[in-house]
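Let's take a friendly walk through a protein model. Have a look at the sequence and the 3D view first, and then read on.

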Amino acid sequence: MPFDVARAREDFPILSRQINDKPLIYLDSGASAQKPNAVIDAMSHAMRHSYANVHRGLHRLANETTDAYEAGRETVARFIKADVNEIIFTKSATEAMNLIAHSFGDGLKAGDVVLTTEMEHHANIVPWYMLAERKGVELKYVPILDDGSLDMAAFDAVLTDRVKIVAVTHMSNVLGTINPISEIIQKAHAVGAKTVIDGAQGIVHLDVDVKALDADFYVFSAHKLYGPTGLGVLYGKAELLNAMPPYQGGGEMIARVTKDKITWNEPPHRFEAGTPAILEVIGLKAAIDWLSQFDRAEVVAHEHVLYQRAYDRLTQINSLRVHGTAEGKGSILTFSLGQAHAHDVAQILDRYNVAVRAGTHCAEPLMTRLGVTSTVRASIALYNTEEEIDVLAEAVAKAQSFFA
Ligand SMILES: Cc1ncc(COP(=O)(O)O)c(C=O)c1O
């Protein structure tokens, strides 16, 4: 049976909200996705029926909650084809990046190179910049081509055995570009570099098999994957995690503490100091279970039809310029409208109840490359419809006539 968007929408209470008697059109899922009942109910059920701290208690509620939390880890591991002890829960994709940049990155030395790209989110730039400042490491950026794809010839040219980390996004949060990460990982390994894949957007739209990819690290946030905020996932190869020092100190990440000597717990607990995001892990498990009822390829096909419809309609509008047209790109449509400021465009769209993101999208080097100070982004999720895309197009046309 093809993907039934009307049926899927019924799972999202917020999507039935009306503002001024008109439906809400949410095209900002790239920033954070709405939550299905399955997630809301799972978290609420845990708080109502079985909640305690994890890993510490000996009583029934502590054991039940620990089981629920660890079941979340197992679900995430299955979802990306990892082993369960290779899944670390952090507070966000951003924190996961910082963890890698500190714990693994501190092993780098002056003269080593970290390679990132011009299309990255700040979460995949700033931690490396800070590492460069701390350790005298050199940070280099692979450029992009005009269609928003990565310049692979430039990547090849800059990839020497001085490169120790290649940090690249699976899917750009601005251009929608899907990078050839399998090829990038293989090439990085050929010069002895480790790979850090920013999967914050990719995990939402692509099947991820970290073993088949041979990724060293893969990170994402729960809240873009229809799950709760306050939770990120860091996948790391067991052999790397085992050799890495802790990032933060506190409860649970230790094996033994005396006044003079402390020994570390095994991964993943070594990297989960303090009380973790228990309810959020339960929520993420529910999100993944919920998502797993759909055929991923059909969902992607649905999103692609909407993207194409949006592209076809918006590119008929005078002075509208789409940023990112790489082949096989995902369902993110970012544009500029003449000389209009993106914030003004987004505010006009908001009058039509169309929620989009406007600004730099935490990707300022990319904005510089595109020669703009800000852009408007419509990001499409599985619950969006053709009717919504048509309202978007009409609202953008109205905005254009306003600025003309
Ligand atoms: C590509 C990409 N990487 C990283 C992040 C950071 O995610 P978070 O803010 O959840 O840590 C985002 C968020 O927009 C993103 O789109």
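Our first stop is Pro268, which sits in the loop between β12 (262–264) and α11 (278–291). What kind of peptide bond joins Pro267 and Pro268? The bond is cis, with an omega of about 5°. Keep in mind as you explore that this is a predicted model.

## Around the ligand

Now turn to the ligand. How many residues surround the ligand? There are 13, and the closest are Thr94, Asp198, Ser221, His223 and Lys224. Sorted by class, this shell holds three nonpolar, eight polar and two charged residues.

His223 places a polar side-chain atom 2.7 Å from a ligand oxygen atom, and for Lys224 the distance from a polar side-chain atom to an oxygen atom of the ligand is 2.5 Å. On its own, the ligand would expose 390 Å², and the protein buries 88% of that.

## Two positive phi angles

Next, look at the backbone. Asp214 is not a glycine, yet its phi is positive, at about 65°. You can find Asp214 in the loop between α9 (210–213) and β9 (217–221). Its relative accessibility is 33%, so Asp214 counts as partly exposed.

Glu252 also is a residue other than glycine with a positive phi, in this case near 75°. Glu252 belongs to the loop between α10 (238–243) and β11 (254–257).

## A nonpolar patch on the surface

Which residues form a nonpolar patch on the surface? They are Val126, Tyr129 and Met130, and together they have about 270 Å² of accessible area.

Let's pick out one member. Met130 is part of helix α5, which covers residues 126–135. With a relative accessibility of 40%, Met130 counts as partly exposed.

## A histidine between strand and helix

Our last stop is His341, located in the loop between β14 (332–337) and α13 (342–351). His341 has 35% relative accessibility and therefore counts as partly exposed.

His341 and Val376 are 35 residues apart along the chain, and their C-alpha atoms are separated by 8.9 Å.

Technical notes. Residues numbered from 1 in each chain as written. Predicted model: local features only at pLDDT ≥ 70, side-chain atom pairs only at ≥ 80, totals over all residues. Heavy atoms only, no water. Near = heavy atom within 4 Å. Polar contact = N/O pair within 3.5 Å; in protein donor to acceptor, adjacent residues only side chain to side chain. Areas by Shrake-Rupley, 256 points an atom, 1.4 Å probe, with all protein chains shown as cover. Nonpolar A, V, L, I, M, F, W, Y, C, P; charged D, E, K, R; others polar. Helix = DSSP H or I, 4+ residues; strand = E, 2+ residues; numbered from the N terminus. Buried < 20%, exposed > 50% of the residue type's maximum accessible area, 1.4 Å probe, protein only. Patch = residues over 30% accessible without salt bridge, like charges linked within 9 Å, V, L, I, M, F, W, Y side chains within 5 Å. Salt bridge = Lys/Arg side-chain N within 4 Å of Asp/Glu carboxyl O.
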